[in-house]
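Here is a short tour for someone meeting this structure for the first time. Please keep the sequence and the 3D view at hand.

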Amino acid sequence: MSSAAVLSPLLVLSFHQQVSWGAHVLGNQPVVGLAGRSSLNETQTKMFQDSNDKCDLVMNLSAADRCAFVRNTPDCNMEDGFINYLHVAFCLLPPNLTPLTITLCMIWLLFLFVILGLAASKFFCPNLSAISTSLHLTHNVAGVTFLALGNGAPDVFSAIAAFSHPHTAGLAVGALFGAGIFVTTVVAGSVALVKPFAVASRPFLRDVIFYMVAVFWTFLMLFRGTTALGETLGYLGLYVAYVLTVIISAYIYNRQKRSRTSSVQSVAHNPDEFDSSDLSDYEDIPCLTGGSIQQEFESEYRPLLPYSESTSQILLSSLNPVDNRKWRRKSWGWRVFKVLKTPLEVLLLLCVPVVDPDKEDRNWRRPLNCFHLITAPLVCVLTFQSGMYGNYMIQGQFPLWLLMLLLGLFLSAIVFCSTTNDRPPRYHTLFALLGFVVSAVLISAAASEVVSLLHMLGVVLSLSNTVLGLTLLAWGNSIGDCFSDITIARQGYPRMAIAACFGGIIFNMLFGVGIGCLLQMIKTDSGVQFESQGLLTWVLAGSLGLSLVLSFVIVPLSRFHLDRRYGIFLIVFYTIFLLIALLTEFGLIHFG
């Protein structure tokens, strides 16, 4: 399911809603020309006061007055993001080009999702894997901490960006709840359809119970409309309890494993019968499993005679994101998409270092890594908090970006002169830390743009932030997980795929809401207020809770065997939920 396929009915329904709502609001207002502009200003002021600074009312005005309303309404001034999309839609482009504006915004939104996916999968996650390897963490600890953050980076950073503004918090709630329903129904159902299997009982029950507690806690915060510092810390503490539970259960399992040698041998001969897979819950994460496979693949093509590349050859080969062997094996669709995103990959390769502990040289590229010492600090300064520090002057005289440039040149010269091409330095792990920071800043910047863009689409199409979050934002952040989990299931590892479905969304919800609320409290020095989105929020929370309860009941009754009937049931459940959510959004389902 793609966002473009569902956009057309959203446009039709939102246009019908917008016309009927605008006619109802403005039907009794007289036509105002230039001479009556003062009365229009009074009307705008009254609407502004009555709406508690709501930017949504801009669509109720005539096309000629929308730009002035956007300029003078504080709610329309989105501080996060490089581009003021509302200003672009209502001030720069003429009203008759609104369909073109929406089309261009959708293309830009897809491009931003590509940036999020590339930065997370190719740069953020591998560097986190290198850091966890350097810290000698076990797969269980790394899976529920560093690597969970790597896989859930787009969701977590999008939620944090949405919580930075009170009127876009509905995007975070809709995206996290919507992604939760999508992953636990569509993705899990697709895995069951592709490869019916018996799920590991204890890890499954553990993840479902913790996720139900997280959903119920989030529901309570939304119901009260506010949260305090103590509750937010307790919310984050729930994830700490989850991590401790995973570690303790793995420790108990390892003791049982050592005491039963015969069962270990039987598991080794028949891995599909492996039950109680606490230890392998998070080995499905690409950061852990992809490296060894890639290492074996590359060893087959290793030259028999030693060959030394020059510095310029190393630089050019490092900037080539296309693998010729993989290119020949892939389909035409994959090749077209690869060509389209290659320029973006090259730009990211120029800015973000990547350390791969599974490679013999740990991905040490001396000329490129030295260049990273120049570009990485500049990227951080120019993109952190939407470029806030790009024009910052130290004591009003010396630009910060120039200081970072000079510092980067100095460090780059030292590293280049003190290292060789064929052997990484001892401090090479620090490049993983640098790559982690830069990729995190880039993901945060892209997430802020996504939130600002979706807010503009919500205003133009008269859609709530919650419905945009549970559809476009949730699909955009989850579609990659969907394809990767289905691929893992087809390869014969459905348990890995189902572990990813439940383990990752627990981290995304607890950290996305918890860190987002905590940062907002630090910023405003007060509690976080949740704006009610009406019945849609309760439909969203209730549907997610119902899907988890049904899974908690049905799966044990079926002796933890997920067959195709269960997969069809989950997909039908999501279809019914999405239909009810859209009908609720457009006022066709309501109380009273």
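The report below covers confidence, cysteines and a surface patch.

This is a predicted model, in which local features need pLDDT of at least 70, side-chain atom pairs count only at pLDDT 80 or more, and totals for chains, interfaces and linings use all residues. Residues are numbered from 1 along each chain as its sequence is written, and side-chain values use heavy atoms, with hydrogens and water left out.

**Confidence**

pLDDT is the predictor's confidence in each residue, from 0 to 100. The protein chain averages 77. A score of at least 70 is reached by 79% of the residues. Residues 1–53 have a pLDDT below 50. Beyond near neighbours in sequence, that stretch makes 53 contacts in the model; a contact means heavy atoms within 4.5 Å. Over residues 271–301 the pLDDT is also below 50, with 65 contacts beyond near neighbours in sequence. Where pLDDT is low, the predicted coordinates should not be read in detail.

**Cysteines**

How many disulfides does a search of the whole structure find? It finds one. A disulfide here is a pair of cysteine sulfur atoms within 2.5 Å. Cys-67 is joined to Cys-91, with an S to S distance of 2.2 Å. The two cysteines are 24 residues apart and link distant parts of the chain. Cys-67 sits in helix H3 (residues 66–72), and Cys-91 in helix H4 (residues 85–92). Helices are DSSP runs (H or I, at least four residues), numbered from the N terminus. The torsion about the S-S bond of Cys-67 and Cys-91 is about 110°, so the disulfide is right-handed.

Cys-351 is in no disulfide. The nearest cysteine sulfur belongs to Cys-380, 9.6 Å away.

The table gives relative accessible areas; buried means under 20%, exposed over 50%, partly exposed in between (1.4 Å probe, protein chains only).

| Residue | Relative accessible area | Class |
|---|---|---|
| Cys-67 | 18% | buried |
| Cys-105 | 10% | buried |
| Cys-351 | 18% | buried |
| Ile-554 | 30% | partly exposed |

**A nonpolar patch**

Ile-209, Val-213, Val-549, Phe-552, Val-553, Ile-554, Leu-557 and Phe-569 make a nonpolar surface patch of about 630 Å². Like charges are joined within 9 Å, nonpolar side chains (Val, Leu, Ile, Met, Phe, Trp, Tyr) within 5 Å. Accessible areas come from the Shrake-Rupley method with a 1.4 Å probe.

Which helix gives the most to the nonpolar patch? H22 does, with five residues. Helix H10 (201–224) and helix H22 (535–557) each supply at least two. Ile-554 lies in helix H22.

Key: Patch = residues over 30% accessible without salt bridge, like charges linked within 9 Å, V, L, I, M, F, W, Y side chains within 5 Å. Salt bridge = Lys/Arg side-chain N within 4 Å of Asp/Glu carboxyl O.
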